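Trainee: I have a new model on my screen and would like to learn how to read it. Can you take me through it feature by feature?

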Amino acid sequence: MPVISVRNLVKTYTVGEVVVRALRGCDLDVEAGEFVAVTGPSGSGKSTLMHILGCLDRPTSGQYFLDGKDVSRMSKDELAAVRNRQIGFVFQGFNLLSRTSALDNVELPLLYNGGSKLKAAERHKRAMDALTIVGLADRFHHHPNQLSGGQQQRVAIARSLINAPSIILADEPTGNLDTRTSIEVMGIFQRLNKERGITIILITHEADIAEYGTRLVRFRDGRIQADQKILRRRDAEEELAALPPPEDDEAVMEAHPPAAEHGGAA
Amino acid sequence: MSIIMTLRIALKALNRNKMRTVLTMLGMIIGVGAVIAMVGLGRGAQTTIEEQVKSAGTNMININAGNYSFGGVRQGQGMSNTLMPEDAEALRFVPGVQYVAAGANSRGQVIAGNQNWNTRIEGTDVDFPFIRNWQPKYGSFFTPQDVRTAQKVAVLGSIVSDTLFGPEVDPTGEIIRIRNQPFKVIGVMSTRGQSAMGQDQDDIVFTPYTTVMKKLQGQQHINNITVSATTPETAPVAEAIRETLRIRHKLSGSDPDDFMVRTLEDMASLRTETTKTMTTLLAAIAGVSLLVGGIGIMNIMLVSVTERTREIGLRLAIGARSRDVLLQFLVEAIVISLFGGLIGIGLGFVLSDVMERTLQWPTDIPSNAIGMAFGFAAATGVFFGFYPARKAARLDPIEALRFE
């Protein structure tokens with residue numbers, strides 16, 4: 001049974017007097033453990049698809065089965081619970097809470113998941129585990145403005161992992177990162193996909209970033225234009241090993257933490 | 001999400017913007033402080049009145065001739081000729097009555113040597129010092145013998161004595177002239193100050209009421225009767241007095257009283273009412289600043305919601321329900337108003353203390369005002385925090401995440 005099954009999905013909305021047909025009927029099945037890269041030009045409908053897949057929005061018509069359950073007609077509160085437990089979000093702008101430690105940022109989803117029943121110590125332990133998975137075991141108490149962009153995105157990935165979701169939705173996760181950190185972040189996604197079997201949906205408009213996936217879905221004018229297996233898949237770990245050692249970048253980053261303009265919500 | 005967790009999140013958020021939080025609180029602090037101080041001031045004034053009333057004489061009941069509601073040609077209070085000396089004597093037999101003093105009033109020029117003074121001449125009876133709990137400081141009050149024989153003897157109020165003979169002088173034995181008739185000074189009353197009605201009680205001359213009737217006024221009736229009851233429960237005694245006088249005056253069922261019986265409480269209640277009105281007015285004005293403080297909270301919360309749109313979007317995306325967001329912002333507003341309220345109560349106490357020390361205005365903050373101010377602060381937080389919180393809770397997560 002596919003993790004995600006979408007049938008004849010249509011989404012239209014009105015902006016002023018203009019009716020925008022963002023999705024014009026699309027069908028998609030994603031099996032557990034797939035790493036799907038969704039690409040397409042702006043306005044092609046890939047963001048709309050991602051919002052519906054992420055249960056942030058409901059389709060105008062059509063059906064969406066997540067883990068076999070029809071979520072397209074769920075109430076707002078039910079959708080919130082689905083977002084909390086089954087889906088992990090990673091955004092382009094990281095969306096971390098400023099002046100809040102990495103640990104507290106990662107813990108945030110637990111607060112909305114009956115987290116009050118979990119003891120504080122237990123919440124801390126789970127957040128630490130998640131941060132360790134993304135390689136930030138030594139940055140628990142750093143605030144976002146004391147972390148580099150790549151590190152901030154890794155905190156965001158740890159946050160998306162905390163409730164052990166079945167899928168991670170990543171919306172342009174490398175959009176604000178340089179090449180090397182982009183590869184690092186893609187490496188983490190590949191590792192999570194391979195080692196933990198987490199299904200990953202990656203939205204990107206960069207063709208080379210899309211090649212880290214196992215499958216490519218290309219959108220155009222609200223419809224799926226192409227859906228194919230990626231034949232020559234890139235491997236982030238190998239590429240990183242081939243790159244010159246990162247002494248320059250990382251060392252500089254740590255000596256002079258970048259200022260707050262590196263992103264983060266609020 | 002538990003309320004403790006929500007509270008912690010709210011405290012963290014407020015802590016991130018300390019200066020703004022403190023300034024917003026200031027509105028509540030001043031509002032609540034002003035209300036507390038004003039209520040304290042009003043209550044202090046009330047207490048003062050109550051003390052004045054007590055000092056006027058305990059258990060006192062006044063009977064005046066005439067009545068406000070009396071028909072026909074109306075005369076001023078105490079000016080009707082319906083009360084007779086025999087009425088006063090009859091009241092001695094009413095159960096619950098301890099002392100009775102008939103009263104006949106006059107005014108006139110009082111002359112001693114080359115000094116003179118226009119003052120109230122109050123004719124009364126020997127029970128008067130006991131009713132008013134007021135004794136002479138020099139000499140003595142007049143005797144039943146003086147009353148029976150309408151002697152021209154006078155006991156001076158301290159102001160009259162000071163004016164005619166100079167301060168700290170004992171004029172006992174001197175002769176003064178009242179309306180050109182010689183009176184012998186037999187005593188001076190101790191200083192009493194202002195009465196509960198704002199009258200200077202020391203600007204007065206006491207003589208036997210019979211003397212006023214026969215020697216000064218030439219009247220057969222008396223103007224008033226002052227009675228003291230055996231207990232502070234004066235109302236039933238006042239009613240018994242009324243019954244007695246109605247029978248004596250042969251008033252049938254439908255006839256209105258031709259006299260007026262008032263207890264001390266009746267007299268005090270008028271001023272107490274006035275003070276209460278003033279207190280309410282002051283508190284209402286102070287309440288306006290509380291309202292302004294509340295609007296300040298609403299303003300800041302609205303700014304905060306706009307500023308933290310992306311944070312709200314993120315919280316919604318990772319599984320916060322609308323009501324979680326609503327609660328978070330509501331709790332932030334309530335925390336501001338409650339903390340502000342607490343500090344404001346402190347400020348109120350300091351303010352009233354300062355007023356008492358520097359302006360000598362008595363203040364007395366009733367304990368229920370503290371609870372009320374606190375409750376009002378909380379209600380302000382809920383009321384003015386709700387709209388911004390609802391605005392936050394209704395945000396669309398997609399729009400909110402895109403917000404720059």
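What follows is a short walk through confidence, sheets, helices, loops and the chain contact.

Trainee: Where do I start, and what is the average pLDDT of chain A?

Mentor: Start with confidence, as this is a predicted model. Chain A averages a pLDDT of 87, and 91% of its residues score at least 70. Treat residues 260-266 of chain A separately: there the pLDDT is below 50. That stretch still has 25 contacts in the model beyond near neighbours in sequence.

Trainee: Next, sheets. In what order do the six strands of the open sheet in chain A lie?

Mentor: The general idea comes first. Strands of a sheet pair through backbone hydrogen bonds, either parallel or antiparallel. In chain A the six strands run in the order β6-β7-β8-β3-β9-β10, and the pairing is mixed. The edges are β6 (87-90) and β10 (223-229) of chain A. Each has a single partner strand, so one side of each is left without a neighbour in the sheet. Neighbouring strands of this sheet are turned by 20 degrees against each other on average, direction ignored.

Trainee: How many bridges join β7 to β8 of chain A?

Mentor: Five bridges join β7 (residues 167-171) to β8 (residues 199-203) of chain A, and the two strands run parallel.

Trainee: How far apart are the end C-alpha atoms of α5(A), and what span should we expect?

Mentor: Helix α5 of chain A covers residues 149-161, 13 residues in all. At 1.5 Å a residue it should span 18 Å. Its end C-alpha atoms are 19 Å apart, which agrees.

Trainee: Is α5(A) enclosed or open to the outside?

Mentor: 13 of the 13 residues of α5(A) are buried, so this helix is largely enclosed by the rest of the structure.

Trainee: What is the strand order in the four-stranded open sheet of chain A?

Mentor: The order is β2-β1-β4-β5 (chain A), and the pairing is antiparallel. β2 (18-30) and β5 (69-70) of chain A stand at the edges. One side of each is left without a neighbour in the sheet, because each has a single partner strand. Between β1 (residues 4-15) of chain A and β2(A) there are 10 bridges. A:Val15 stands opposite A:Val18 in β2(A). Helix α1 (residues 46-53) of chain A lies across β1, β2 and β4 (61-66) of chain A. This helix runs at about 115 degrees to β1(A).

Trainee: Now chain B. Which residues of β9(B) point one way, and which the other?

Mentor: In a regular strand the side chains alternate between the two faces of the sheet. In β9(B), B:Asn224, B:Thr226 and B:Ser228 point one way. B:Ile225, B:Val227 and B:Ala229 point the other way, and all are buried. Six of the six residues of β9 (residues 224-229) of chain B are buried, so this strand is largely enclosed by the rest of the structure.

Trainee: Over how many bridges does β1 of chain B pair with β9(B)?

Mentor: β1 (residues 60-65) of chain B pairs with β9(B) over five bridges, in the antiparallel sense. There, B:Ile63 stands opposite B:Ile225. β2 (residues 97-112) of chain B also pairs with β9(B) in the antiparallel sense, over six bridges. In that pairing B:Tyr99 stands opposite B:Ser228.

Trainee: Loops next. What is phi of A:Asp221 near?

Mentor: Phi of A:Asp221 is near 50 degrees, a positive value in a residue other than glycine. A:Asp221 is in the loop between β9 (215-220) and β10 of chain A. With 14 other C-beta atoms within 10 Å, A:Asp221 is partly exposed. B:Lys250 has phi near 55 degrees, again positive and again not a glycine. B:Lys250 lies in the loop between α8 (234-248) and β10 (259-263) of chain B. B:Lys250 is exposed, with 7 other C-beta atoms within 10 Å.

Terms used. Residues are numbered from 1 along each chain as its sequence is written. Chains are lettered from A and ligands numbered from 1 in the order in which they are written. This is a predicted model: local features need pLDDT of at least 70, side-chain atom pairs count only at pLDDT 80 or more; totals for chains, interfaces and linings use all residues. pLDDT is the predictor's confidence in each residue, from 0 to 100. Two residues are in contact if their C-beta atoms, placed from the backbone, lie within 7 Å. The expected span of a helix is 1.5 Å times one less than its number of residues. A residue is buried if 20 or more other C-beta atoms lie within 10 Å of its own, exposed if 12 or fewer, and partly exposed in between; C-beta atoms are placed from the backbone. Two strands pair if DSSP finds at least two bridges between them. Axes are lines fitted to C-alpha atoms, for helices over the stretch in contact, and angles run from 0 to 180 degrees between N-to-C directions.
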